[in-house]
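Trainee: I am new to this structure and would like to go through it by question and answer. Please show it first.

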Amino acid sequence: MCLPTLNVTHFYSIWKPLLIFVNEQYEIAPDLLGARPDGQNIQFDTADAIELRNKLWEDETLLDKFIVQNPANLRDTDLEMAKTWKHRRLGDFIIYKCLKNHAIFLNWDNSTEVFYVKGLASSFDEIFPYFP
């Protein structure tokens, strides 16, 4: 199961400007330089998006700078949501089981740590055509 379309759209309305901000700092994706700060009408190349995401999590100050500068003029509630991303879970995970409403992820390093994960716009059955 995926999140409702409205939630997915809301997530990307914050995430895209954040990735554009990261790109403005590090110039990783030349095609995105000078893009509108709000990320409207931007299609990210998957490889660029991954590299920008990795840089974001590598440099812990970027999220704080984005929130303080607010280059996309996001609402306070959106900035509060972005702040929660500091509590993300990084690591290697195993998809233990794919259920109707979510997948069960296990932390590779700590198998007692279990997460229920929903896809944003695609279900895990769509992303992974089969599970062993």
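Mentor: This is a predicted model, in which local features need pLDDT of at least 70 and side-chain atom pairs count only at pLDDT 80 or more, while totals for chains, interfaces and linings use all residues. Residues are numbered from 1 along each chain as its sequence is written, and side-chain values use heavy atoms, with hydrogens and water left out.

Trainee: Which residues of helix 4 are buried?

Mentor: Helices are DSSP runs of H or I with at least four residues, numbered from the N terminus, and helix 4 spans residues 76–84. Buried means under 20% relative accessible area, exposed over 50%, and partly exposed in between, with a 1.4 Å probe and protein chains only. In helix 4 the buried residues are D78, L79 and A82.

Trainee: What covers the buried residues of helix 4?

Mentor: Contact here means heavy atoms within 4.5 Å. The cover includes helix 1 and helix 3 (61–69).

Trainee: Which residue forms a salt bridge with R75?

Mentor: A salt bridge is a side-chain nitrogen of Lys or Arg within 4 Å of a carboxyl oxygen of Asp or Glu. The N to O distance is 3.2 Å, and the partner is D78.

Trainee: How many residues apart in sequence are the parts tied together by R88 and E60?

Mentor: The side chains of R88 and E60 meet in a salt bridge, 3.1 Å from N to O. R88 lies in the loop between helix 4 and strand 1 (93–98) and E60 in the loop between helix 2 and helix 3, so the parts tied together are apart in sequence by 28 residues.

Trainee: At what angle do the axes of helix 1 and helix 2 cross?

Mentor: Axes are lines fitted to C-alpha atoms, for helices over the stretch in contact, and angles run from 0 to 180 degrees between N-to-C directions. The axes of helix 1 (residues 5–26) and helix 2 (residues 46–58) come within 9 Å. The two helices are roughly perpendicular, a term for 65 to 115 degrees. The crossing angle is roughly 80°.

Methods
Parallel < 35°, antiparallel > 145°, perpendicular 65-115°, else oblique.
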